[in-house]
Amino acid sequence: MRTFTAISGPCWFNRRGAALGAVFGLSPDSHHTQQVHRKGKAASLPAKLGRLLPALLAAVLVPMATGAPSVAAAPGPPPVTVLTPAAHLGTGDIFVTPTSSTGKYANGPEILDTHGNVVWFHAIPETQTAADFRAQRYGGHQVLTWWQGTGLGGLSCGTDYIYNDQFQQIATVRAGNGLCADGHEFLITPWNTALITIYQKTTANLTSIGGPADQTVINGIVQEIDIATGQVLFQWNSADHIPYSQSEQPLPAKPSEPWSWFHLNAVKVDTDGNLLISARHTWATYKVDRLTGDVLWTLGGKASSFTLAAAPGQVLDQAGELFAWQHDPEPLGNDTYTFFDDEANGASPPLLPYSRAITVQLNETTHVATLTAADNQPEGLAASAAGNAQTTSDGNLFVGWGLLPYFSAFDPSVTLIFDAHFPPGVYSYRAYFLPFNPAT
């Protein structure tokens with residue numbers, strides 16, 4: 001097992017997360033120092049701190065180049081408690097974005113091993129959030145990617161970052177057409193473009209559904225971006241294709257209050273090259289033609305193209321749905337998909353007492369969608385937002401439980417093979433189990 005020490009951003013941590021030194025925070029666009037040391041070859045602590053002292057003094061005495069005020073970093077990333085040790089999980093590391101609601105811990109993208117030890121952590125300013133951190137492929141090379149910004153979950157705005165296998169920033173992706181990137185998805189396609197999500201505030205006439213003529217609404221926008229040039233190659237707006245009447249979200253009390261009627265939270269590439277778009281507030285996933293933007297089918301919600309069914313031993317929720325307030329549709333091929341099924345939103349009564357990761361089989365001839373498997377939250381809890389379910393290369397299902405502080409893994413027989421959690425008040429928007437091999 002590889003072992004190395006990572007220095008990134010404002011804090012320096014060994015693999016057990018102990019803060020060895022700290023400097024004031026820099027954004028990913030600013031200069032920062034990173035070093036990787038193989039076990040047994042690391043410099044002595046006094047020597048390391050001696051090298052860091054000039055940086056510390058410079059950070060205290062010199063304003064940051066970005067013009068933003070210097071802010072002292074939090075003590076470090078949150079500790080991880082492993083409840084079920086990893087068994088038959090395969091080779092890889094855990095990718096998370098621990099976010100502290102109390103400010104007790106630092107926020108930022110983090111790689112953990114299966115024992116909960118820190119492999120790499122990049123602390124970000126405490127006013128910002130990181131999301132959707134993972135290893136991807138770009139230009140034939142392994143890279144690290146994440147979104148960083150403010151307002152995640154509402155009218156968010158930020159930048160998507162690409163780092164190489166030496167933990168160095170090599171590219172950024174920003175939304176085009178005068179818009180700003182949201183943090184729910186940053187996916188590099190097999191053809192080396194980026195799919196990103198955007199929230200746009202505008203005004204709509206909702207008199208046809210009993211609403212005001214000037215209701216402020218938040219639409220969901222998907223853009224495909226050429227990473228090298230920043231050119232927008234494709235843009236899809238929820239309001240152009242989905243009726244407002246499909247929303248499950250109640251209208252606000254005032255027209256000036258933004259109505260998050262759609263709440264876009266994922267965009268994926270299906271096995272045929274078309275897109276899967278998930279909307280939390282319509283309880284639906286849409287298959288969208290990547291060239292025309294037309295909706296090819298709708299799964300779930302008020303206008304489902306499929307009759308919903310449950311295989312023996314499986315259950316639909318109290319609304320007769322496969323999922324509600326769901327996230328992260330993932331195509332497995334042969335019309336089989338997984339979803340993270342929240343079944344709760346924190347404001348309404350949950351439709352099941354627990355969240356789950358589900359597998360659904362579509363029959364496009366009979367137009368029946370069948371729930372074939374469900375991996376329930378091990379502690380029997382429901383996540384009121386966020387979450388994902390990733391099928392690993394070994395066929396396991398790795399689940400991030402959203403606003404719950406847990407992340408888990410199940411084997412194909414639905415046996416729990418790993419379970420861990422952050423302290424209360426800490427969550428990760430998604431969690432992945434992926435291979436990543438840093439350059440030596």
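This is a predicted model: local features need pLDDT of at least 70, side-chain atom pairs count only at pLDDT 80 or more; totals for chains, interfaces and linings use all residues.
Q: How many disulfides does the count come to?
A: The rule is a pair of cysteine sulfur atoms within 2.5 Å. By this rule the count is 1 disulfide.

Q: Where in the chain do Cys 157 and Cys 180 lie, and how many residues apart are they?
A: Cys 157 is in strand β12, residues 157-163. Cys 180 is in the loop between β13 (169-173) and β14 (181-188). The pair therefore links distant parts of the chain, by the strand numbering used here. The separation is 23 residues.

Q: What is the handedness of the link of Cys 157 and Cys 180?
A: The angle about the S-S bond is 80 degrees. With that angle, the link is right-handed.

Q: Is Cys 180 buried or exposed, or partly exposed?
A: Buried means under 20% relative accessible area, and exposed means over 50%. Cys 180 has a relative accessible area of 24%. That value lies in between, so Cys 180 is partly exposed.

Q: What class of ring pair do Tyr 244 and Trp 259 make?
A: Their ring centres are 6.2 Å apart. Planes under 30 degrees apart count as stacked, and over 60 as edge-to-face. The planes of Tyr 244 and Trp 259 stand at 35 degrees, so the pair is tilted.

Q: Is Tyr 244 buried or exposed?
A: The cut-off for buried is under 20% relative accessible area. Tyr 244 has 19%, so this residue is buried.

Q: What class of ring pair do Phe 262 and Tyr 286 make?
A: The centres of these rings lie 5.9 Å apart. Their planes are at 20 degrees. Planes under 30 degrees apart count as stacked. The pair of Phe 262 and Tyr 286 is therefore stacked.

Q: How many residues apart in sequence are the parts that Phe 262 and Tyr 286 tie together?
A: Phe 262 lies in the loop between α2 and β18. Tyr 286 lies in strand β20, residues 284-288. The parts are 24 residues apart.

Q: What is the relative accessibility of Phe 262?
A: Phe 262 counts as buried. The cut-off is under 20%. The value for Phe 262 is 0%.

Q: Which residues do ring pairs link into a cluster?
A: The structure holds 22 aromatic pairs. Ring pairs link a cluster of Phe 95, Trp 120, Phe 133, Trp 146, Tyr 161, Tyr 163, Phe 167 and Phe 436.

How values were computed
Residues are numbered from 1 along each chain as its sequence is written. Side-chain values use heavy atoms; hydrogens and water are left out. Helices (H or I, at least four residues) and strands (E, at least two) are DSSP runs, numbered from the N terminus. Buried means under 20% relative accessible area, exposed over 50%, partly exposed in between (1.4 Å probe, protein chains only). Rings of Phe, Tyr and Trp (its six-membered ring) pair if their centres lie within 6.5 Å; planes under 30 degrees apart count as stacked, over 60 as edge-to-face and the rest as tilted.
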